[in-house]
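Me: I'm new to reading protein structures. Could you walk me through this one, step by step?
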Amino acid sequence: VQLQASGGGLVQAGGSLRLSCVASGTIFSFNGMVWYRQAPGKERELVADITSSGSTFYVDSVAGRFTISGDNAKNTVYLQMNNLKPEDTAIYHCAARRNGLVYWGQGTLVTVSS
């Protein structure tokens with residue numbers, strides 16, 4: 001399983017970014033797709049999760065600002081991030097869950113300036 005994340009960059013507070021994660025197979029073959037982030041000096045944090053049935057979960061700090069979605073035709077999961085805050089600065093990783101295993105992709109850096 002290969003996962004390729006992209007879309008990070010530098011944005012001012014209040015701005016938006018859309019992250020993409022392209023999987024090597026159909027995303028519906030996974031139990032779920034996940035976005036994590038890790039800020040400097042902090043532990044990795046689950047940001048958003050979407051199951052193969054379309055159910056979503058968000059950590060409280062991003063609920064209402066971030067949206068996770070999937071496009072099976074493109075084998076891609078997105079993370080739309082709006083109203084970004086400096087505390088959202090982190091490396092964002094996508095991951096895929098299947099039968100108790102987690103497959104990781106490389107990260108993409110998001111930097112939010114104040």
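Me: What radius of gyration does the protein chain have, and what would a compact globule with 114 residues have?

Reply: Good place to begin, and keep in mind that this model is predicted. A compact globule with 114 residues would have a radius of gyration near 13 Å, and the protein chain has 13 Å, so the two agree. The C-alpha atoms fill a box of roughly 40 × 25 × 25 Å along the principal axes.

Me: How many helices and strands are there in the protein chain?

Reply: Zero helices and 10 strands.

Me: How do strands of a sheet pair?

Reply: In general, they pair through backbone hydrogen bonds, either parallel or antiparallel. Here, four strands make an open sheet, in the order β1-β3-β8-β7, with antiparallel pairing. At its edges lie β1 (3-6) and β7 (66-71), each pairing on one side only. Neighbouring strands in this sheet are turned by 15° against each other on average, direction ignored.

Me: How many bridges join β7 to β8?

Reply: Six bridges join β7 to β8 (residues 76-81), and the two strands run antiparallel. To find one yourself, look at Thr67: its bridge partner in β8 is Gln80.

Me: Which residues touch the most other members of the largest nonpolar core?

Reply: This core has 29 residues, and those touching the most other members are Met33, Trp35, Val47, Phe66, Leu79, Met81 and Tyr92. Among the elements giving two or more residues to the core are β4 (32-38), β5 (45-51) and β9 (90-98). Across the protein chain, 39% of the 114 residues count as buried.

Notes
Residues are numbered from 1 along each chain as its sequence is written. This is a predicted model: local features need pLDDT of at least 70, side-chain atom pairs count only at pLDDT 80 or more; totals for chains, interfaces and linings use all residues. Side-chain values use heavy atoms; hydrogens and water are left out. Two strands pair if DSSP finds at least two bridges between them. Axes are lines fitted to C-alpha atoms, for helices over the stretch in contact, and angles run from 0 to 180 degrees between N-to-C directions. A nonpolar core is a set of buried Ala, Val, Leu, Ile, Met, Phe, Trp, Tyr and Cys residues joined through side-chain atoms within 4.5 Å. Buried means under 20% relative accessible area, exposed over 50%, partly exposed in between (1.4 Å probe, protein chains only). The radius of gyration is taken over C-alpha atoms; the globule rule is 2.2 Å times the number of residues to the power 0.38.
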